[in-house]
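Please read the following alongside the sequence and the coordinates. The account takes up a pair of helices and then a pocket.

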Amino acid sequence: MIPPDPELSPRRAARAEAERLATAALPVQSASPAEVSPAEVAAAGGPTRRERRAGASAPSGIRSLVATRGLPLAARRRRASVLAAAVVVAVAGAVAIGAAATAGGRDDGEAAPGEATTTVVQGPPAVPAEGLPVPQLAAIAATATPCDDPAFTAALASGDDAAVIAAAGGGSAFRAAVASGIAPCVSLSDPNREWVVVNKQRPLDPVDYRAGDLVMPENVRALEQSALRARAAGALTEMVRAASDAGAGEIAYLSAFRSYSTQQSTYAGRVSVGGVEEADRESARAGYSEHQTGLAVDIVPCRGSCATLDDVAGSPQGAWVRDHAWEFGFITRYAEGRESVSGYEPEAWHLRYIGPELARAYHEGGYTTLEEFFGLPAAPTY
Ligand SMILES: [Zn+2]
């Protein structure tokens, strides 16, 4: 059981509770690894036997003995002495139960495989897991869709992605709602949204999409005349300045937005060098590239002159970006060892902007692919 966060407003707390219930009460969805973040998995786990034991009340006989009002004095005295004896018995019993529990020796109260359970529990039986009011909880979660919230749908209609996330109760609540399927009004295919997911199974729609608010980032060395969507460009400027202030060195970039036709020639160039199979592991086909969203950027480290994409991983800039890019709304989209999900070999240089709130949820949830973050199927191939 996660204690309520005292910092939360009642409205946010209600959303957080609904989110928690949605995870707990929808067995099919919570069985999917995408629904529960790695960090959440670590924190999860139902009540242990010890916790259930703690819920068992004292012998009910004591409570009836305490009610002595209205009895004649002699009867009350008699009852008082019986009560004292009962308390002694109850305390002794509790000590015995405690000793038995301690003798069990396992703090989680669960028997190891093949180990017999020796704990004797007295008093009312613990509520079995199957006895919990699951349908009731599911009903509460079902009504918690942000799509029924006028503030949320208004933010969605306004096109302000940050306002949408805020209306959902933050990045983590937004993610949970989308991944659990209770927010059908949110499209992960809308290329104008910072949460769009493009991969080998999810082409741009339309396939030749071109963002409308492309700008060059200020105060960042651009090795190509390549723009970004305005919010991502502003975030890159801030991130590059912060890296420099932290002593990590200069970060420049090569490629950001690439149009459908540019991507056609980029991909064709890779194919001509190494063949289709190799090209597909490193470069997207036209219409399938994150660069076409205007939300992706390939950075390079510089010290006077600039190094290559392959130098990012081993550079101080690369190390700083791994730890801090999320603070500015960027994630390392193609992480080490996740090719079977993302479809690409690790690219320490390829940053994807998803906005600071979602990037925080991604970072804090321990995610390494956007597919898992949003509960989407793996996209290893076309
Ligand atoms: Zn890239």
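Contact here means that heavy atoms lie within 4.5 Å of each other. The model is a predicted one.

Start with the helix pair. Helix α8 covers residues 150–158 and helix α9 covers residues 161–168. Their axes come within 8 Å and cross at roughly 170°. Angles over 145 degrees count as roughly antiparallel, and α8 and α9 are therefore roughly antiparallel to each other. The crossing in which α8 passes α9 is left-handed.

The residues that make this contact can be picked out on both helices. From α8 come A151, F152, A155 and L156, and these meet A163, V164, A167 and A168 of α9. Sorted by class, the contact between α8 and α9 has eight nonpolar residues, with no polar and no charged ones.

Now turn to the second largest pocket. The space in the second largest pocket amounts to about 430 Å³. Its lining consists of 22 residues, and those closest to the centre of the pocket are R322, I331, T332, A335 and T368.

Helices α13 (316–324) and α15 (356–364) each supply at least two residues, as do strands β6 (330–334) and β7 (347–353). The element that gives the most to the lining is β6, with four residues.

By class, the lining of the second largest pocket is made up of 14 nonpolar, four polar and four charged residues. The contact of α8 with α9, by comparison, has no polar and no charged residues.

Methods. Residues are numbered from 1 along each chain as its sequence is written. This is a predicted model: local features need pLDDT of at least 70, side-chain atom pairs count only at pLDDT 80 or more; totals for chains, interfaces and linings use all residues. Side-chain values use heavy atoms; hydrogens and water are left out. Axes are lines fitted to C-alpha atoms, for helices over the stretch in contact, and angles run from 0 to 180 degrees between N-to-C directions. Angles under 35 degrees count as roughly parallel, over 145 as roughly antiparallel, 65 to 115 as roughly perpendicular and the rest as oblique. A crossing is left-handed if the near helix is turned anticlockwise from the far one by less than a right angle, and right-handed if clockwise. Ala, Val, Leu, Ile, Met, Phe, Trp, Tyr, Cys and Pro count as nonpolar, Asp, Glu, Lys and Arg as charged, and the others, Gly among them, as polar. On a 1 Å grid over the protein atoms alone, a cavity is a set of points where a 1.4 Å probe fits but cannot get out, and a pocket is an open set with protein on both sides within 12 Å along at least five of seven lines; lining residues have an atom within 4 Å of a point. Grid points are joined across faces, edges and corners, and a volume is the space filled by probe spheres set on the points.
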